[in-house]
Protein chains: 2
Amino acid sequence: MDSDRSYGHFCMLAKTLERLGDRWALLVVRDLLLGPKRFTDLMDRMSGITPRTLTRRLRELEADGVVEVDREAGRREVWYRLTPAGHQLQSALGELLLWGLRNVPERPGPDEPVHPEHILRALQLQLESEHVNGGSLDTAVHVPGTGDYRLVADGPQWDLRAEDPNEGPADVTITATRSALVPFLTTSSPRVPAAAGVEIDGKASAIRAFLNAIEAFPLAPAGHSEQGL
Amino acid sequence: MDSDRSYGHFCMLAKTLERLGDRWALLVVRDLLLGPKRFTDLMDRMSGITPRTLTRRLRELEADGVVEVDREAGRREVWYRLTPAGHQLQSALGELLLWGLRNVPERPGPDEPVHPEHILRALQLQLESEHVNGGSLDTAVHVPGTGDYRLVADGPQWDLRAEDPNEGPADVTITATRSALVPFLTTSSPRVPAAAGVEIDGKASAIRAFLNAIEAFPLAPAGHSEQGL
DNA sequence: CTGGATCCATGATGATACTG
DNA sequence: CAGTATCATCATGGATCCAG
């Protein structure tokens, strides 16, 4: 009967991990950082999770004040979103992701499921941590059927968010399918949008600025020389 | 045979959590951040872990390049220490600990094992995140039989490290047993060192500066008014 | 004594199928 | 769409034992 999964230490890191250390828990938070999602939205992004486990994580995160549930009477959909405390996990997740970018040698397998949000988050953090100055570049990334995003630079700061449907035009607009966007972003330069099945619109100078900025996103393992040239 | 604990996503956060997401893994890193430790040192700090689990975590962290093992022929002790990649986890652990300090309402149970290192780490992060200006205050914390530490301020920066045995004197020296130090630090002011069984030495002005600085360490849940006065 | 290994019990998670 | 139900497997905890 003693299902005591707590560490029983007086250490706030241990107590934090009691709440967030279960498998999939931080990935739920990751996928809610860009906005509320439905159960099936989360299932999509976390391929491999079973509905039972996702249900349990959501209930636990709700009990711990990280996630809120929005059930409206007479509506099928249930929306999950982060509480303010949940949003405060953004910097911790950012540090973990950056550590992975710099210390995990593994690179994408040819058939690994990948969601644009996860690549774009890595891109944003890499640009910010490398202090790439993006001026005031506002880039829209459209992935039909999956989602529309904005990657907005303010000097060396980079922000990633979901695009508001009735938002003004961006300086650069990238349109690509899921399967085309990922190789384009994860392959080292020279990047040739057209050849990769990626469409880029905008003023030539803005497009050049964007392509130049993302040169700082070499997802190849550090310490590898460019062999593919 | 398919013990595939990987998420199988192309997301560097997921790949990070494949390495660090197992139970106890980040607590091993936490306890190695202040310097190399032996197997039994780690067992002490992580009360509740079984030797089998600790062994497995250490082997896995070693395989992932986070921990290094130092086995010298003809010596009983085996020392474990962080690799440079392991040290780079400090900021991520710091963010998680800060989240806990601000969002986990639980406070220490009367009989929860607690190690001074864990409290001192929380104190350091809290002072730094609150931008408490400590001037050039150098504080030694001596816990006989457990360890000696230095909490060194450089303006708003606070550093915690193990004390070097042949190091010069500090501005303030705190000497206390494990059982006396923790209540002293975790109880809100007014703190009365003598009454708490804590000895503080140093110039009166330095002692005042230290006691003033740690006023910013209210481990009581946020939003509680001071009842104990 | 330190640094583990062994054996068993159990809870957490995965696979698959099904339902309001 | 948002879960539940059932069964199988694996990771972890508890206790004990062992080698240098």
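**View 1. The fold of chain A.** Chain A of this predicted model has ten helices and eight strands (DSSP runs, H or I of at least four residues for helices and E of at least two for strands, numbered from the N terminus). Its radius of gyration is 19 Å, close to the 17 Å the globule rule gives for 229 residues, so chain A is as compact as a globular protein of that length (taken over C-alpha atoms; the rule is 2.2 Å times the number of residues to the power 0.38). Of the 229 residues, 48% count as buried, meaning under 20% relative accessible area with a 1.4 Å probe, protein chains only.

**View 2. Where chain A meets chain B.** Each chain puts residues into the contact: 51 from chain A and 51 from chain B, with contact meaning heavy atoms within 4.5 Å. About 4800 Å² is buried between them, 65% of it from carbon and sulfur atoms (accessible area, 1.4 Å probe, lost when the two parts are put together, summed over both).

**View 3. A salt bridge across the interface.** Here B:Glu106 pairs with A:Arg19, their closest N and O atoms 2.5 Å apart. Six salt bridges are counted between chain A and chain B (a Lys or Arg side-chain nitrogen within 4 Å of an Asp or Glu carboxyl oxygen). On the chain A side, α1 (12-20), α2 (25-32), α6 (90-103) and α7 (116-129) each give two or more residues, and α6(A) brings the largest share, eleven residues.

**Notes.** Residues are numbered from 1 along each chain as its sequence is written, and chains are lettered from A in the order written. Local features need pLDDT of at least 70, side-chain atom pairs count only at pLDDT 80 or more, totals for chains, interfaces and linings use all residues, and side-chain values use heavy atoms, leaving out hydrogens and water.

Conventions:
Buried means under 20% relative accessible area, exposed over 50%, partly exposed in between (1.4 Å probe, protein chains only).
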